[in-house]
Amino acid sequence: MTVAATHVRAPKGRRRPTARFAHRAEPYLYSAPALILIVAVMLVPLCIGVSYAFRDIKLLNPFGGGFVGLKHFHTLASDRNFWQALNNTVWWTASSVLLQFALGLVLALLLNRPFAGRGIAQALCFLPWAVPSFLSGLDWAWLFNPVVGPIPHWLAALGLLDAPTNILADPQLALIGPIVANVWWGIPFFAITMLAALQAIPRDIYEAASIDGASPFQQFRSITLPFLAPTMAITILLRTVWVANFADLIVVMTGGGPADRTQIVASYIFTTAFRKLDFGYASAISLVLLALLLVYSLLLVTLRQTLLSKG
């Protein structure tokens, strides 16, 4: 006589501890490769860079590297070059972002209207974004050179300059050159994002406003701007952080000169680290710039949330 073997099964809804752990850990296991890559590529270098700010790291002193505490920050507080670079950074960032935003918005409004050859016009307007920043800075440095470039001669013909001279060599005007190059290079960023946001606005709203007798300016103020506001806030935030850290054009066009009048914090970090080979002091400057940008981002996000809650 055979007896059928009976198997005791766990009630439905209950799992073994290992099965429950595997089920809960499954999402983390899937995302583990990406998390490991992010930690290895971003978090680890960031932590190492922060630690350098409190150590004496100089490539010309191989026996250094000891802990110096807040010494670099005390030196930074009395560093006139740093404060000059910080002042230049404010002018460089504010003027570049405001001009890029204004011209990019105008360009997006023009490209949002249907006309013959709009596709070609969009491709040509977005062309500066495809040019490498190094090549862009080199081209603009040649354009401002009175020997091979036309811009000084145009400015002299308009009466803005007494003679065709290189404004990149003038301490009072040198920062204008990189700002012009940066505006030209960065307009497509705002044009692309603003154009995408404009095309997402329902056409029916404009048709209803036209029927009600709203003028084009009233439509822009009451319809376009409110719809574009979230996109404007995030693009201005991203672009400000980007431009404040963007030293390529200045390094290529002026090298921070003449007399450090075009030196911004980002280029000062580059100069300190890779020319003076003082990575400890450069890391301290980077940490201060990081803190300032974090405060700015927090203020802008808080203001955006406040406006959205009131709206």
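# Loop, core and helix packing

A259 lies in the loop between α11 and α12; helices are DSSP runs of H or I with at least four residues, strands are runs of E with at least two, and both are numbered from the N terminus. The model is predicted: local features need pLDDT of at least 70, side-chain atom pairs count only at pLDDT 80 or more, and totals for chains, interfaces and linings use all residues. Residues are numbered from 1 along each chain as its sequence is written, and side-chain values use heavy atoms, with hydrogens and water left out.

**Loop between α11 and α12**

- The peptide bond from G257 to P258 is cis, its omega being near -5 degrees.
- P258 belongs to the loop between α11 and α12 (265-274), and D260 is found in the loop between these helices too.
- A259 has a positive phi, near 55 degrees, although this residue is not glycine.
- A259 counts as exposed because its relative accessibility is 67% (buried means under 20% relative accessible area, exposed over 50% and partly exposed in between, with a 1.4 Å probe and protein chains only).
- D260, another residue other than glycine, also has a positive phi, near 60 degrees.
- The relative accessibility of D260 is 29%, so D260 counts as partly exposed.

**Nonpolar cores**

- The largest nonpolar core holds 41 residues (a core is a set of buried Ala, Val, Leu, Ile, Met, Phe, Trp, Tyr and Cys residues joined through side-chain atoms within 4.5 Å).
- W92, F144, M194, L228 and M253 have the most contacts inside this core.
- Two or more residues of this core come from each of α3 (80-111), α6 (133-143), α8 (176-199), α9 (203-211), α10 (216-244) and α11 (248-253).
- With 12 residues, α8 gives the most to this core.
- Leaving aside neighbours within four places in sequence, W92 is in contact with P178, I179, N182, V243, F246, L249, I250 and I264 (contact means heavy atoms within 4.5 Å).

**Packing of α3 and α8**

- The axes of α3 and α8 are 6 Å apart, and the two helices pack at an angle of about 45 degrees (axes are lines fitted to C-alpha atoms, for helices over the stretch in contact, and angles run from 0 to 180 degrees between N-to-C directions).
- This angle makes α3 oblique to α8 (under 35 degrees counts as roughly parallel, over 145 as roughly antiparallel, 65 to 115 as roughly perpendicular and the rest as oblique).
- The contact of α3 with α8 comprises 20 nonpolar, 6 polar and no charged residues (Ala, Val, Leu, Ile, Met, Phe, Trp, Tyr, Cys and Pro count as nonpolar, Asp, Glu, Lys and Arg as charged, and the others, Gly among them, as polar).

**Packing of α9 and α10**

- The axes of α9 and α10 cross at roughly 165 degrees and come within 11 Å.
- That angle makes α9 roughly antiparallel to α10.
- The crossing of α9 past α10 is right-handed.
- On the α9 side, I205, Y206, A209 and S210 meet Q219, I223, T224 and F227 of α10.
- Sorted by class, the contact of α9 with α10 has 5 nonpolar residues, 3 polar ones and no charged ones.
- Q219 is placed in helix α10 and counts as buried because its relative accessibility is 12%.
- Not counting residues up to four places away in sequence, Q219 touches Y206, A209, S210, A214 and T224.

**Other single residues**

- T240 is located in helix α10 and is buried, at a relative accessible area of 11%.
- Not counting residues up to four places away in sequence, T240 touches T93, V97 and Y296.
- From C-alpha to C-alpha, T240 and V131 are 20 Å apart in space, and they are 109 residues apart in sequence.
- P132 sits in the loop between α5 (127-130) and α6 and is partly exposed, with a relative accessible area of 49%.
- P132 and P114 are 18 residues apart along the chain, with their C-alpha atoms separated by 30 Å.

Note on methods. A crossing is left-handed if the near helix is turned anticlockwise from the far one by less than a right angle, and right-handed if clockwise.
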